[in-house]
Amino acid sequence: MTIDNYNFANKKAIVRVDFNVPLDENGHITDDTRIRGALPTLKKILADGGSLIIMSHMGKPKGKVNPKFSLSQIKDDVAKALGTDVIFAPDCANAKEAAANLKPGQVLLLENLRFYPEEEGKPVGIDKEDPGYDAAKKEMKERQKEFAKTLASYADVYVNDAFGTAHRKHASTAVIADYFDADNKMLGYLMEKEVNAVDNILSNIQRPFTAIMGGSKVSTKIGIIENLMDKVDNLILCGGMTYTFAKAMGGKIGDSICEDDKLQLARDIMAKAKEKGVNLVLGTDCVAGNAFSNDAETMICPSNDIPDGWEGMDAGPETRKAFAAVIEPAKTILWNGPAGVFEFDNFTAGSRAIAEAIVKATENGAFSLVGGGDSVACVNKFGLADSVSYVSTGGGALLEAIEGKELPGVAAIKK
Ligand code: AMP
């Protein structure tokens, strides 16, 4: 079933959204992108004359009630965004009556799903190595099914619009779908858009295809890097991982961030790129700082010759030019991870150069996909989010989808 083909009139729809929004110390939302992202789906259901049961997680309360992560803090913002009152259910697993009382056009927001360990389905208080772990895991899986069944019992139809958690097999993202037949479960608009964007990258590759992977570590990106090697023409590896590669090639990297146990991995990646004919582009110069601070003194130096007491914190001018040279002519572009410590204003030049080159390529007809929290924060910071083809809300989910893995949140709907 697709959301466009479904008439929600007089139906109760339970919708999994990703309202895991950042809050300041007073519990006020600092970025409402995720709420805005879910609005087309939520509004369609209300416009059809359905009633809405909204469910989400927030933060990592680890299966325990924690007011710091209460969704009650965002109730008024959700109401404002929807233009209608929102009723709050303070216990997501005991909301049957509140759900039953909903009239068409009414909205119920459930408390944080992760206040229950059943949501994630991981046994609590027991280590993987402990002898009873397997039994505890089995028992928790049963409890997870019951929890999902309870949530399902509130509604006639299930919609999953939470791409950010689509790579997790949680009660509300996947298990719940088992309690609805194929005609009464579907992806929301945001999920549809995300899945289509990934399809576009994977099935309709216009060449040259340039992927830019940045961020702090190579270890967390290795799966996607290896997978991309079979697809891309150019692979830019930037950010903190630059220095693991520089050291692996015998360079001197001063105090730069480095994964010493990944030096061989870096050499293997370089060899694999050569073997597959992928143009691997690494930074040759950097902006080094004498402290990990925005106010650090800086100097430009070769990425493989950084003095002690200094650390590479951004891509240098020569590197930025080299990056732009393989981004601007590209016809398919994927960007995940910043090229420097972009949170510090004095170390944004590398990420900015990447963003601007992507915008240029997009103007020239490229399909560009930017994903992952930090790269999205970059394009937002530079005011360029509207100038790329697609900004994904998913970090881990996006990377797993591009790796070619089936997302449990999507698979559960198709079943
Ligand atoms: P990740 O979570 O692995 O995607 O990494 C994102 C983080 O990498 C951001 O917080 C950046 O500040 C950080 N980062 C990027 N370049 C560097 C660098 N040269 N040194 C230290 N951290 C970096």
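**An enclosed strand and an open sheet**

In this predicted model, strand S1, which spans residues 12-16, is largely enclosed by the rest of the structure, because five of its five residues are buried. Buried here means that a residue has under 20% relative accessible area.

The two faces of the strand may now be considered in turn. In a regular strand the side chains alternate between the two faces of the sheet. In S1, Lys12, Ile14 and Arg16 lie on one side, while Ala13 and Val15 lie on the other. Both faces are covered, and these residues are all buried.

The partners of S1 come next. Strand S2 (residues 51-55) pairs with S1 in the parallel sense, over five bridges. Within this pairing, Val15 stands opposite Ile54 of S2. Together with helix H1 (residues 33-48), S1 and S2 make a right-handed β-α-β unit. Strand S5 (residues 157-160) also pairs with S1 in the parallel sense, over four bridges.

Three strands form an open sheet with antiparallel pairing, in the order S12-S11-S14. Strand S12 (298-302) and strand S14 (311-315) stand at the edges, and each has a single partner strand, so one side of each is left without a neighbour in the sheet. From one strand to the next, the twist averages 45°. Strand S11 (residues 285-289) runs antiparallel to S14, and four bridges join the two. In this pairing, Ala288 stands opposite Gly312 in S14.

Key. Residues numbered from 1 in each chain as written. Predicted model: local features only at pLDDT ≥ 70, side-chain atom pairs only at ≥ 80, totals over all residues. Heavy atoms only, no water. Pairing = 2+ DSSP bridges. Axes fitted to C-alpha atoms, helices over the stretch in contact; angles between N-to-C directions. Buried < 20%, exposed > 50% of the residue type's maximum accessible area, 1.4 Å probe, protein only. Right-handed = clockwise from strand over helix to strand, strands pointing away.
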